[in-house]
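Trainee: I would like to go through a protein model with you. Could we start with the core and then turn to the charged side chains?

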Amino acid sequence: MTEIFDAILQILGAGAFIVYLGFGLLLFFIGGLFFVWFFYARFSSRRVSARIVAVRMTGAPIMTEAERAQLGAVLGPDEVPEISWKAFGTEFKKSPGTGLLALFVAFIIVAVPAGFVGFGLWSGNDRMSLLVQGLEAPGVVTDIESHRGSEQTMYSAVVTFKDEKGRAWVVKESLSQSGAAFFSRGEKVIVHYDPENPRHMVVGGLWHNVFLALVFVLMGSLFLFLIFLKPEEKKEKSSAGRPSRADYSNEMYHPVMEYHASDGSVVRAEGNISSSRILNKIPGRRIYGYVREDRPDTVEQPGFFTLLFSLLFAGPGLWLFWIAYRQYESNIYTLVFALGFLMWIGLGFKKIIKPRDQWDTKQSFQQKRREKRMQERGEGRILTMPEIRERARAQDRILKRWLPFYILLATTVLVGGAHLERNMNDFLVKAVSAPAEIVGTDNFFGSSQGDRYYHAVVSFRTGEGQNFTIRDKWGGSAPLYKRGDRVRVLYDPAVPGQALIDRGFMNHAAARIVMLAGFLIMALSLKSYAGLRERSRL
């Protein structure tokens, strides 16, 4: 039986190795393409200063009320779908059961995020009241309790403290998390409790107690905002005599530019990047791009975001490579999976690559690409300036609604990342390094789909000769270490049980990735705000 169990583990490990390696290759390949294009365009093309002279639009806006009436005149009024409370009332009379079900679903959709907001406000107020008005007492974590949640195993700290009357209390903290408790066994903590009911208490500081409540409020508010966000075409302001606004969300915009060729002639070209955003394609705007000698009708724009996208793909790809390297184990199962993976890739390339006698010459291939570009550029139509202004105003209205949430999100992410970085720096200042050995793997189910997560179990000895066995806080869907691996751990001499595996610069990875994400969101938000103010003065 032991041999069968070991074989199953080896098969699962080999499969996980191939999955990590495959996804790592895919992400790194995509990131590499963006990276190569970013530099290739700069070194192989001529840099030009181009001016946007027009915008080509593909796709079509959602029907306005006037267009709906015109379509009804052609197809018949009953053939045009109507979305209104009057239409709902008519359908409800026809099928009350379906109407009640629709109302119930709508209630659930609204009630769930509203419940998030309500719970967050109640929880945050309760914990803030204890932090501000409750009595403070020193405590110690004497145990860690685990229980099976709806989807995963949750861990909570059990704290022992004495109230102002000298009575000892043993209370389980109400906050819990998966993977590991917030505190370690033996850790000294600060308790704020209600003197009339000492079991009503909180452990730790402000951020630890209000972070989850803040997340609930922000998530619920965001979903409620999305639910009640009114589309631009929803209401018609008849009192002002203006027609209803169209929804341009399914349109794509392609900038049409002019630039001076090397011989001084003016060349009309299009950008190689299109999007649903028109605010950066207003005629008259001057941009810098790159033009290849064999494609003078296309202006390439490999800007900062191209390099950012390459890092966003290549970075996780390298991370998956590292996990695959840690997961690799030389055995027959890994060899079989690897050969199968290579055969699958080979068959895929065989379907894509044509036989040698069907290959195009370089000239014919470029001609086909040119004809395809011309065919694509024949689609859609050139927008007039009033149409461009209306679409820009519509996008500005949406931007005004979303901008406060972007700034709030960026601030929250930055504060969270800074908090993680500060905690790590505080820990590293007092941490002591010690050799350690992986003695096992602790695993648990992380979701209702049966996903299993693994955390390394590490044994080490402190400088005072005490032996400790801890579970690493970082885990994955496959073991990152094997039994017997030698590592180094960092521990706080005051609380040796609160240790972690020393990963060098990767100790700061989580905090700095979070801060980088917050910085990028904030930079984009401020840039959007500056553009909004500039356009409002026009």
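Trainee: Which residues in the largest nonpolar core touch the most other members?

Mentor: Please keep in mind that this is a predicted model. The largest nonpolar core has 22 residues, and those that touch the most other members are Ile 438, Val 458, Phe 460, Tyr 481, Val 487, Val 489 and Ile 501.

Trainee: What is Ile 501 in contact with, leaving aside its neighbours within four places in sequence?

Mentor: Its contacts include Ile 438, Val 458, Tyr 481, Val 487 and Val 489. Ala 456, Asp 472, Arg 488 and Asn 507 are also in contact with Ile 501.

Trainee: Changing topic, how many salt bridges are there?

Mentor: The count comes to 12 salt bridges. One of them joins the side chains of Arg 56 and Glu 270, at 2.8 Å from N to O.

Trainee: Where in the chain do Arg 56 and Glu 270 lie?

Mentor: Arg 56 belongs to strand S1 (residues 46-58) and Glu 270 to strand S9 (residues 266-271), so this pair links distant parts of the chain, 214 residues apart.

Trainee: Is Arg 56 buried or exposed?

Mentor: Arg 56 is buried, because its relative accessible area is 5%, and buried means under 20%. Glu 270 is buried as well, with a relative accessible area of 8%.

Trainee: What does Glu 251 meet in a salt bridge?

Mentor: The side chain of Glu 251 meets that of Arg 391, also at 2.8 Å from N to O. Glu 251 lies in the loop between helix H5 (206-228) and strand S8 (252-260), while Arg 391 lies in helix H9 (residues 385-430), so the pair ties together parts that are 140 residues apart in sequence. Both Glu 251 and Arg 391 are buried.

Trainee: What about Arg 397 and Glu 390: how far is N from O in their salt bridge?

Mentor: The distance is 3.6 Å. Arg 397 is partly exposed, with a relative accessible area of 22%, and Glu 390 is partly exposed, also with 22%.

Trainee: Which residues do salt bridges that share partners join into one network?

Mentor: Arg 292, Arg 295 and Glu 300 are joined in that way.

Definitions and conventions. Residues numbered from 1 in each chain as written. Predicted model: local features only at pLDDT ≥ 70, side-chain atom pairs only at ≥ 80, totals over all residues. Heavy atoms only, no water. Core = buried A, V, L, I, M, F, W, Y, C linked by side-chain atoms within 4.5 Å. Buried < 20%, exposed > 50% of the residue type's maximum accessible area, 1.4 Å probe, protein only. Contact = heavy atoms within 4.5 Å. Salt bridge = Lys/Arg side-chain N within 4 Å of Asp/Glu carboxyl O. Helix = DSSP H or I, 4+ residues; strand = E, 2+ residues; numbered from the N terminus.
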